Amino acid sequence: MNGIINLKKEAGMTSHDAVFKLRRILGTKKIGHGGTLDPDVVGVLPIAVGKATRMVEFMQDEGKVYEGEITLGYSTTTEDASGEVVAETPVLSPLDETIVDEAIASLTGPITQIPPMYSAVKVNGRKLYEYARAGQEAERPERQVTIYQFERTSPISYESELARFTFRVKCSKGTYIRTLSVDLGEKLGYAAHMSHLIRMSAAGLQLEDALTLDEIAAKMEAGQLDFLHPLEIGTGDLVKVILTPEQATEVRFGRFIELDQTEQELAAFEGDKLLAILEKRDNFYKPRKVFS
């Protein structure tokens with residue numbers, strides 16, 4: 001069994017939980033996911049099965065799209081709604097929406113983030129959330145991410161000295177939307193947290209086409225494998241090139257070929273089938289992974 005699954009991860013399970021359950025449903029061990037989702041987050045979790053697991057790193061590279069809600073007025077230990085309150089700044093008067101939108105715009109483009117303590121980032125061989133659960137601090141490494149799009153998608157609503165609004169963001173891999181929410185609050189002078197989040201898109205897969213674990217299990221029982229997408233969709237944002245028969249032969253033998261391209265990596269196709277991922281070496285391209 002080979003291919004890519006567009007899984008709709010439900011709230012209350014980790015990405016690892018989803019992979020574990022799919023191994024039992026599909027009866028195969030060779031499964032990996034293309035981008036971790038927090039337990040409370042619902043949405044697209046790309047799953048690679050069989051030979052498609054070799055595409056996982058490229059599936060993770062493509063930009064992801066999220067829709068969610070930010071609440072101003074208090075912050076939490078986890079930077080989302082599941083954590084304990086650590087700071088409160090009551091919203092006592094309506095916010096100027098122009099100022100809010102200007103603050104949002106200032107967080108687009110390349111930005112620096114510090115991962116939250118409740119995250120799977122490793123420091124000295126331990127995950128940050130392990131330090132957090134033990135009541136310990138750890139020096140968190142800065143990381144560079146890119147926010148391609150960040151916009152407010154609703155009016156600001158007010159209740160119990162809190163302000164809320166929904167948003168849509170497209171970002172690079174490694175971005176913490178929780179941290180983006182907290183950073184926006186700081187720019188506005190308020191403690192804040194991410195109060196809701198859905199991943200709408202990842203690795204070219206869309207939420208409206210995603211299937212739950214139960215739906216996939218039902219299809220397996222009925223012998224319907226139409227939930228398996230070809231590995232070609234896992235190439236994501238990579239520039240695609242069609243090779244000549246001569247070039248395809250060279251690539252199969254692991255040899256360098258010359259292409260009129262500038263990108264560091266390319267998805268090389270033979271007809272409509274993915275043949276290889278190529279990486280640039282000086283003025284040539286070398287096969288990094290060959291699939292047939």
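The legends below describe close-up views of a predicted model.

**View 1. Domain 1 and domain 2 in the predicted model.**
An assignment of domains divides the protein into domain 1 (3-61 + 203-233), domain 2 (64-199) and domain 3 (238-290). Between domain 1 and domain 2, the C-alpha centres are 27 Å apart. The contact between these two domains involves 15 residues of domain 1 and nine residues of domain 2. Together, domain 1 and domain 2 bury about 880 Å² between them. Carbon and sulfur atoms account for 45% of that area.

**View 2**
Strand 4 spans residues 64-72, and seven of its nine residues are buried. Strand 4 is joined to strand 12 by nine bridges, and the two run antiparallel. One of the positions to look for is leucine 72, whose bridge partner in strand 13 is alanine 192. In a regular strand, side chains alternate between the two faces of the sheet.

**View 3. The buried face of helix 3.**
Helix 3 covers residues 97-106, and its buried residues are Val100, Ala103 and Ile104. Viewed down the helix axis, these buried residues fall within an arc of 100°, so they line one face of helix 3. Elements that cover them include strand 10 (143-152), strand 12 (162-171) and helix 5 (177-188). At the N-terminal end, helix 3 is capped by aspartate 96. A side-chain oxygen of aspartate 96 lies 2.9 Å from the backbone nitrogen of threonine 98.

**View 4. Leucine 228 in strand 15.**
Leucine 228 is in strand 15, which consists of residues 228-229. Its relative accessibility is 17%, so leucine 228 counts as buried. Leaving aside neighbours within four places in sequence, the residues in contact with leucine 228 are Met1, Asn2, Gly3, Ile4, Ile5 and Val49. Leucine 228 and asparagine 2 are 226 residues apart in sequence, while their C-alpha atoms are 7.5 Å apart in space.

**View 5. Glutamine 247 in helix 7.**
Helix 7 (residues 245-252) contains glutamine 247. The relative accessible area of glutamine 247 is 19%, and this residue is therefore buried, the cut-off being under 20%. A polar atom of the glutamine 247 side chain lies 2.9 Å from the backbone nitrogen of threonine 244. Not counting residues up to four places away in sequence, glutamine 247 touches Ile242, Ile257, Glu258 and Leu259.

**View 6. Lysine 289 in strand 19.**
Strand 19 runs over residues 284-290 and includes lysine 289. With 17% relative accessibility, lysine 289 counts as buried. Its side chain reaches the backbone oxygen of arginine 54 at 2.8 Å. Apart from residues up to four places away in sequence, lysine 289 touches Arg54, Glu57, Phe58, Leu275, Ala276 and Ile277.

How values were computed
Residues numbered from 1 in each chain as written. Predicted model: local features only at pLDDT ≥ 70, side-chain atom pairs only at ≥ 80, totals over all residues. Heavy atoms only, no water. Buried < 20%, exposed > 50% of the residue type's maximum accessible area, 1.4 Å probe, protein only. Helix = DSSP H or I, 4+ residues; strand = E, 2+ residues; numbered from the N terminus. Arc of directions from axis to C-beta. Contact = heavy atoms within 4.5 Å. Polar contact = N/O pair within 3.5 Å; in protein donor to acceptor, adjacent residues only side chain to side chain. Pairing = 2+ DSSP bridges. Domains from an automatic or database assignment. Buried area = accessible area lost by both parts, 1.4 Å probe.
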